[in-house]
Amino acid sequence: MENSLLTQVVLPAALFTIMLGVGMSLSLADFRRILARPSVTLLGVTMQFLLLPLLGYLVVTLLGLSPVLAVGLLILTFAPGGATSNMITWLARGDVALSVSMTALVSVLAPFTLPLLTYWALQHWLGATQAIEFPVLTTMIKLVVMTIVPVVLGVTLHHWAPGLCHRLQKPVKLLSMLFLVVVVVGITKANWARLPDLALQLGPAVAMLITLAFGAGYGFARKARLGTEQSITLGVEVGIQNAGTALLVTGTVLQNAEMSAAALTYGILMNIPAFMLIFWRNRRKHAALA
């Protein structure tokens with residue numbers, strides 16, 4: 001009952017609040033900025049929606065993950081970006097405007113692509129061995145309500161009451177993090193007996209995915225002759241996933257703790273390269289000033 005309350009009520013509330021905060025950080029200018037440099041934005045979004053799932057498929061195949069864990073990790077790759085990538089881009093001295101622009105576009109597209117890709121993953125990995133019902137249309141509606149609606153509300157508030165929006169941003173961020181911490185602690189507690197073994201199985205796969213995603217995002221950007229700030233931004237945007245959305249699909253819709261373990265493991269391990277990148281970028285800055 002407690003776990004059901006967390007996944008069916010608290011987790012959707014957490015995601016709604018997080019996406020409201022994302023919307024409050026966006027303005028209409030961010031959406032117009034997409035049109036101002038479409039090639040860079042298109043490259044980044046293409047890597048998020050196509051390259052990242054391909055990397056996920058490569059990882060789960062090479063490491064031979066069980067079908068359930070493979071689906072859980074792939075669902076994570078279907079949920080790119082989010083507010084965390086904007087923060088990391090800022091701390092790593094990347095192109096924040098590009099990061100925010102990509103977040104704006106991804107927030108609109110992901111609720112429609114994620115359910116379709118999840119349905120494919122379930123059919124591919126579990127279709128012949130385990131019947132798991134996945135309502136594609138219902139999931140799309142849920143994701144629209146949980147992501148697009150709060151983003152629109154946040155952008156509207158930012159447009160009509162920027163002062164109020166600025167004052168509310170910090171409380172909204174704190175509330176969303178509180179919600180998410182409660183969910184993560186609750187799911188971890190409810191599945192404590194199985195999580196250590198699952199984390200051992202998932203750890204190498206998640207670490208490989210993070211490394212490949214960061215490297216591919218940065219590498220393709222450099223191949224496209226983008227500047228350092230833009231390349232770092234694309235590395236972060238491809239390397240950082242929206243674990244909250246992945247948890248919503250695996251925990252609330254599919255109600256599968258093993259699949260949710262991928263998002264939980266990722267939420268811990270993704271901080272390592274993020275902190276390394278932030279340290280490296282700011283260390284170089286301080287060295288230049290010395």
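Gln 255 sits in the loop between H11 and helix H12 (257-269). Helices here are DSSP runs (H or I, at least four residues), numbered from the N terminus. The model is predicted: local features need pLDDT of at least 70, side-chain atom pairs count only at pLDDT 80 or more, and totals for chains, interfaces and linings use all residues. Residues are numbered from 1 along each chain as its sequence is written, and side-chain values use heavy atoms, with hydrogens and water left out.

Gln 255 has a positive phi of about 50 degrees, although it is not a glycine. This residue comes just after H11. Its relative accessibility is 58%, so Gln 255 counts as exposed. Arg 93 belongs to the loop between helix H5 (83-91) and helix H6 (96-126). With a relative accessible area of 28%, Arg 93 is partly exposed.

Helix H11 spans residues 243-253. Of its 11 residues, 11 are buried, so the helix is largely enclosed by the rest of the structure. Among them are Ala 243, Thr 245, Leu 248 and Val 253.

One partner of H11 is helix H7 (residues 136-160). The two axes come within 12 Å and cross at roughly 135 degrees. Axes are lines fitted to C-alpha atoms, for helices over the stretch in contact, and angles run from 0 to 180 degrees between N-to-C directions. H7 and H11 are therefore oblique to each other. Angles under 35 degrees count as roughly parallel, over 145 as roughly antiparallel, 65 to 115 as roughly perpendicular, and the rest as oblique. H7 passes H11 in a right-handed crossing. A crossing is right-handed if the near helix is turned clockwise from the far one by less than a right angle, and left-handed if anticlockwise. Thr 139, Lys 142, Leu 143 and Met 146 of H7 make the contact with Thr 245, Leu 248 and Val 253 of H11. Contact means heavy atoms within 4.5 Å. By class, the H7 contact with H11 has four nonpolar, two polar and one charged residues. Ala, Val, Leu, Ile, Met, Phe, Trp, Tyr, Cys and Pro count as nonpolar, Asp, Glu, Lys and Arg as charged, and the others, Gly among them, as polar.

H7 also packs with H6, at an angle of about 160 degrees and with the axes 9 Å apart. That makes H6 roughly antiparallel to H7. This crossing, too, is right-handed. On the H6 side, the contact residues include Ser 107, Phe 112 and Tyr 119. On the H7 side, they include Val 136, Thr 139, Leu 143 and Val 151. The contact of H6 with H7 divides into 13 nonpolar, three polar and no charged residues.

The largest nonpolar core holds 79 residues. Such a core is a set of buried Ala, Val, Leu, Ile, Met, Phe, Trp, Tyr and Cys residues joined through side-chain atoms within 4.5 Å. Leu 65, Val 71, Leu 73, Ile 75, Trp 125, Met 259 and Tyr 266 touch the most other members. Helix H9 (residues 195-223) gives the most to this core, with 11 residues. In soluble globular proteins, nonpolar side chains tend to be buried together.

Beyond four places in sequence, Ile 75 touches Thr 118, Ala 246, Val 249, Thr 250, Leu 254 and Met 259. Leu 76 lies in helix H4 (residues 67-77). At 0% relative accessibility, Leu 76 counts as buried. The C-alpha atoms of Leu 76 and Val 96 are separated by 23 Å, with the two residues 20 apart along the chain.

Helix H10 covers residues 228-239 and contains Gln 230. Gln 230 is buried at 19% relative accessibility. Leaving aside neighbours within four places in sequence, Gln 230 is in contact with Arg 37, Val 40, Asp 95 and Leu 98. Ser 231 is also found in H10. Its relative accessible area is 0%, so Ser 231 is buried.

Definitions and conventions: Buried means under 20% relative accessible area, exposed over 50%, partly exposed in between (1.4 Å probe, protein chains only). Helices (H or I, at least four residues) and strands (E, at least two) are DSSP runs, numbered from the N terminus.
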